[in-house]
Amino acid sequence: MLCGFSQRSDGTRRERGHGFFRQNMGDFILMKYDIFEESFRTFIADCPEEPRDPDGREGDLCGLQLGAGGARGVRAPNRALIEALLARWYLDRDYYLILNGDIEDLSKFPLHAIEAAWPKLIETIKRFAERGKLRKIVGNHDYDLLARRDYPWQLLPGMVYRSGENKLFVFHGHQASSLYVKYDYVSDFLIRYFARPLRIKNSGVSKDSHRRFRTEKRIYRAARTLGVIAVTGHTHRPLFESQAKYDRLRIRIEELLLLMNENTPDMREVIRTEIQFYLAEMQTLADAHDREKKTQSLYGGGPFLIPCIFNSGCATGKHGITALEIENGEISLVYWMSSDTTRPYITSEALDRATPDGFAFRYTLQRDRLDAIFTRIEILGQMPEGRM
């Protein structure tokens, strides 16, 4: 298990001897990639595996970071939304619920306070578990659960879903973050006993664009090499087929520019208007205070970007909640909101829009077939990476 500790059958933890970290002043610890890749192989091999039902439905959510109420918990508009979409969409439609780490925010709140603040949500999760349709994976914020003997649900380091020879690997993602991998308890200690009492803002990997990008790039390279689809959370940034929103906008603009000279003057004006729309959206991202919304470059150094890393995002956003869904052999990135959006990009780019039972607005932002993704990983992954 890559994250330094694994769970014995009696619920206690044992340390694994992966001595593959070196001290570095820039990032505390700088992992050599080739050693990380080998440990990633071991991590996948250590995680439980089950065949994926081709007719089954899976919903992946990460980073709920449930607190005890107040300003430091989940944003108030998202609270009712989380409770409603789990009970009235995923449970009612008989989904498997994959909670991919950082569900309870134990770095800031004790478990009993979280349970007291979220009785309705916990009862819904219990109903998934009673059906045998709960898969709960630990992250860096709820890692302490592994030490508890009274926790009601099985905790997993990660989960491998197999379809023939193809593997879809679901794990939180902090295992690729240098700081948390080696010093998860030290990090938790600093947050719990220094940052919180002194009101120091905790700038984790999800708040640091450089650290986030390095974490995602390690996962991308390892998933590409091993030929798997990696489904993560941790960095809080939605990714679909290895692309973030900023990357998708840039690629779309390049596609439209190629079409400009191949169309009639009237169509060129339509294309020009669309390009200007996307340029404005890119400028909004570039001007954003939280610059972690964009990347400076794509992960690959080769001629193709391999669609091997997906990220469900988190539930702590300002406007809504992102999630990954798998249904009928297709994987989708969806965006949930408690009220209809006036954001032009969402309404323009969404593949479809639904209002299930009137309790929320659901936008499908991206969708692709899993078999097509695995084919692209197999064929394009054989190309040399180039300079990374």
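In strand β13 (residues 309-311), Ile309 is the bridge partner of Ala230, and β13 pairs with β12 in the parallel sense over three bridges; pairing here requires that DSSP find at least two bridges between two strands, while strands (E, at least two residues) and helices (H or I, at least four) are DSSP runs numbered from the N terminus. This is a predicted model, in which local features need pLDDT of at least 70 and side-chain atom pairs count only at pLDDT 80 or more, whereas totals for chains, interfaces and linings use all residues. Residues are numbered from 1 along each chain as its sequence is written, and side-chain values use heavy atoms, with hydrogens and water left out.

Strand β12 (residues 229-232) also pairs in the parallel sense with strand β11 (residues 166-170), again over three bridges, and Leu168 stands opposite Ile229 in β12. In a regular strand the side chains alternate between the two faces of the sheet. Within β12, Ile229 and Val231 point one way and Ala230 and Thr232 the other, and all are buried, that is, under 20% relative accessible area with a 1.4 Å probe and protein chains only, where exposed means over 50% and partly exposed lies in between.

Leu168 and Ile229 return in the largest nonpolar core, which has 61 residues and in which they, with Phe169, Phe310 and Tyr363, have the most contacts; such a core is a set of buried Ala, Val, Leu, Ile, Met, Phe, Trp, Tyr and Cys residues joined through side-chain atoms within 4.5 Å. A second, separate core of 39 residues includes Leu66, Leu81, Trp153 and Ala360.

Elsewhere, eight strands form an open sheet of mixed pairing, in the order β9-β8-β7-β6-β14-β15-β17-β16. Because β9 (155-156) and β16 (352-354) stand at the edges with a single partner strand each, one side of each is left without a neighbour in the sheet. Helix α10 (residues 370-380) packs on this sheet, touching β14 (321-327), β15 (330-337) and β17 (361-369), and its direction makes about 45° with that of β17; contact means heavy atoms within 4.5 Å, and the axes are lines fitted to C-alpha atoms, for helices over the stretch in contact, with angles from 0 to 180 degrees between N-to-C directions. Within the sheet, β7 (residues 96-100) and β8 (residues 134-137) run parallel and are joined by four bridges, with Ile98 opposite Arg135 in β8.

Glu378 lies in helix α10 and counts as exposed because its relative accessibility is 53%.
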